[in-house]
Structures are given as C-alpha cells and as structure tokens.
Amino acid sequence: MRTLCRVTDIPDNGAKGFPGLEGTFTGFVAVRQGERVYVYENACPHIGTPLDWTPDRFLSADGRHLICATHGAEFTLDTGLCVSGPCRGDSLTAVEAVVQDGVVVVGG
Ligand code: FES
C-alpha cells in the first residue's frame, strides 16, 4: 500500500499524475470527482505511452475524458474505457485505490 496524496491535492473534476511504485516505470493518473478518486496506470493501451503531453495535462478540452497525447484516444473518467481512438473498446489499467480520512491510498 502506498499513500498517493490527499484528495484535495487533486483538482476537483481534474486529474494529476504520480510516479509509479518503486521499481516500476509506469506512473499513475488519479482523477477526482468530488470525494471519488479513480486511479489508473498512466499508460495508453494502444502502445503504452504515458497519456499526458505535459505534466498533469490529462483531460480533454471539455474535461469529460482522459485523453492520450500520442494519438488522441479518449477514455471515460470513471471506468477508463476507451470510447474513441485507435484503442477503442480497450481500457486503461485500473489501480485499486481507496480514500481513507481524505487520503488516497493505492495498492493491495
Ligand atoms: S498511444 Fe494512446 S492513442 Fe496511441
């Protein structure tokens, strides 16, 4: 288990990137909707590149989807399902995450 951040460290209706667990190359992206937080591996299912083109820029212009900077695939915020782009129908890899006393904790 690893403490990722406080819920309030993630902008509401926004997203923030984090380094991966020790010994891994793949980071995390955490999406916040109010008190709910969804965490995914920051790796596009198309060819595995990070989603953000610059740190913490993960969302589409309308804020309704995560978007991959490489080829523009869009993913739902709450499930990580790709709804448009070359990996349509695939999903981001969800990371088990819980909120405990306002803190986001990931990992089993
Ligand atoms: S690497 Fe994400 S859409 Fe191609």
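The model is predicted, so local features need pLDDT of at least 70 and side-chain atom pairs count only at pLDDT 80 or more, while totals for chains, interfaces and linings use all residues. Residues are numbered from 1 along each chain as its sequence is written, and side-chain values use heavy atoms, with hydrogens and water left out.

**Nonpolar cores**

- A nonpolar core is a set of buried Ala, Val, Leu, Ile, Met, Phe, Trp, Tyr and Cys residues joined through side-chain atoms within 4.5 Å, where buried means under 20% relative accessible area with a 1.4 Å probe and protein chains only.
- The largest nonpolar core has 16 residues, and those with the most contacts inside it are V29, L51, L66 and F75.
- Strand 3 (28-33) and strand 4 (36-41) each supply at least two residues of this core, strands being DSSP runs of E with at least two residues, numbered from the N terminus.
- A second, separate core has twelve residues, including C5, F28, V39 and V104.

- Beyond its neighbours within four places in sequence, L51 is in contact (heavy atoms within 4.5 Å) with residues including V29, F58, I67 and F75.
- H65 is found in strand 5 (residues 65-67), and H65 counts as buried because its relative accessibility is 15%.
- Leaving aside neighbours within four places in sequence, H65 is in contact with F58, L59, S60, E74, F75, T76, L77 and V83.

**Largest pocket**

- The residues that line the largest pocket include W53, D56, R57 and F58; a pocket is an open set of points on a 1 Å grid over the protein atoms alone, where a 1.4 Å probe fits, with protein on both sides within 12 Å along at least five of seven lines, and lining residues have an atom within 4 Å of a point.

Terms used: Buried means under 20% relative accessible area, exposed over 50%, partly exposed in between (1.4 Å probe, protein chains only). Helices (H or I, at least four residues) and strands (E, at least two) are DSSP runs, numbered from the N terminus.
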